[in-house]
Amino acid sequence: MKKIITVLVIALAISFTLSAADPGIYLKSGENMTPIKVTRLGNSKSSGSAGGFGVSKAEHKIKGVTSGLKYTADDSFIFVFSPKTDKKIKLPSPFSELSTTENFVLYKLEVTKKERKVATNVEIMGFKAKEQGGAVLPFTQLDDDTYEVKLENLEAGEYAFFYTSLSDGGKKAAALFNADPVSWDESWCFTVE
């Protein structure tokens, strides 16, 4: 009986911790919840044509070669959005009540000597030549404003969650018309060993 009560108390404490959390992304490791530090994107750029060929590339760079936040197979990510209100003025942000789980995608980052970077969309003359990541996340809803993401089978390396203002259909249109799907100048990075 004591074990059942202990388990219920722990489950209630975890539930309260999740619902009481500020909006953002958290790494859940065992009973610990660590907020993921926001990383500003630097030197984001898009390039245009090269000679007579239409070449386009959207590239985002992040300072440093590692995030320092390690994700293991037993961990998960908790996404907390702002609760719904009746306010008339609603400003968009990654965790506002206007955002949904569809607004987040996962990219694997390329690591160089000084930074991490990702090309979110590359096309040559209308044909896609290279695209890294952009994985749709497997969200599980925990309550009205809280979701869990459990990532499995990730290769070792650096990863980042990016925010896009596009829905699934908008992401497909962005790919078709060679538009960069990333619409926020911040990311949430982590490392897989």
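Biologist: Does Tyr-159 count as buried or exposed?

Modeller: Buried means under 20% relative accessible area, exposed over 50% and partly exposed in between (1.4 Å probe, protein chains only). Tyr-159 has 5% relative accessibility, so it counts as buried. Phe-190, at 0%, is buried too. Do remember that this is a predicted model: local features need pLDDT of at least 70, side-chain atom pairs need 80 or more, and totals for chains, interfaces and linings use all residues. Residues are numbered from 1 along each chain as its sequence is written, and side-chain values use heavy atoms, without hydrogens or water.

Biologist: How many aromatic pairs does a search of the whole structure find?

Modeller: Rings of Phe, Tyr and Trp (its six-membered ring) pair if their centres lie within 6.5 Å; planes under 30 degrees apart are stacked, over 60 edge-to-face, the rest tilted. The search finds 18. In one of them, Phe-104 and Trp-188 have ring centres 5.8 Å apart and planes at 65°, so they are edge-to-face. Both residues are buried. Tyr-159 and Phe-190 are stacked, at 5.6 Å and 15°.

Biologist: Which strands hold Tyr-159 and Phe-190?

Modeller: Strands are DSSP runs (E, at least two residues), numbered from the N terminus. Tyr-159 lies in strand 14 (residues 157-163) and Phe-190 in strand 15, so their pair ties together parts 31 residues apart in sequence.

Biologist: Which residues have the most contacts inside the largest nonpolar core?

Modeller: A nonpolar core joins buried Ala, Val, Leu, Ile, Met, Phe, Trp, Tyr and Cys through side-chain atoms within 4.5 Å. The largest has 21 residues, and those with the most contacts inside it include Phe-79, Phe-104 and Phe-190.

Notes. Helix = DSSP H or I, 4+ residues; strand = E, 2+ residues; numbered from the N terminus.
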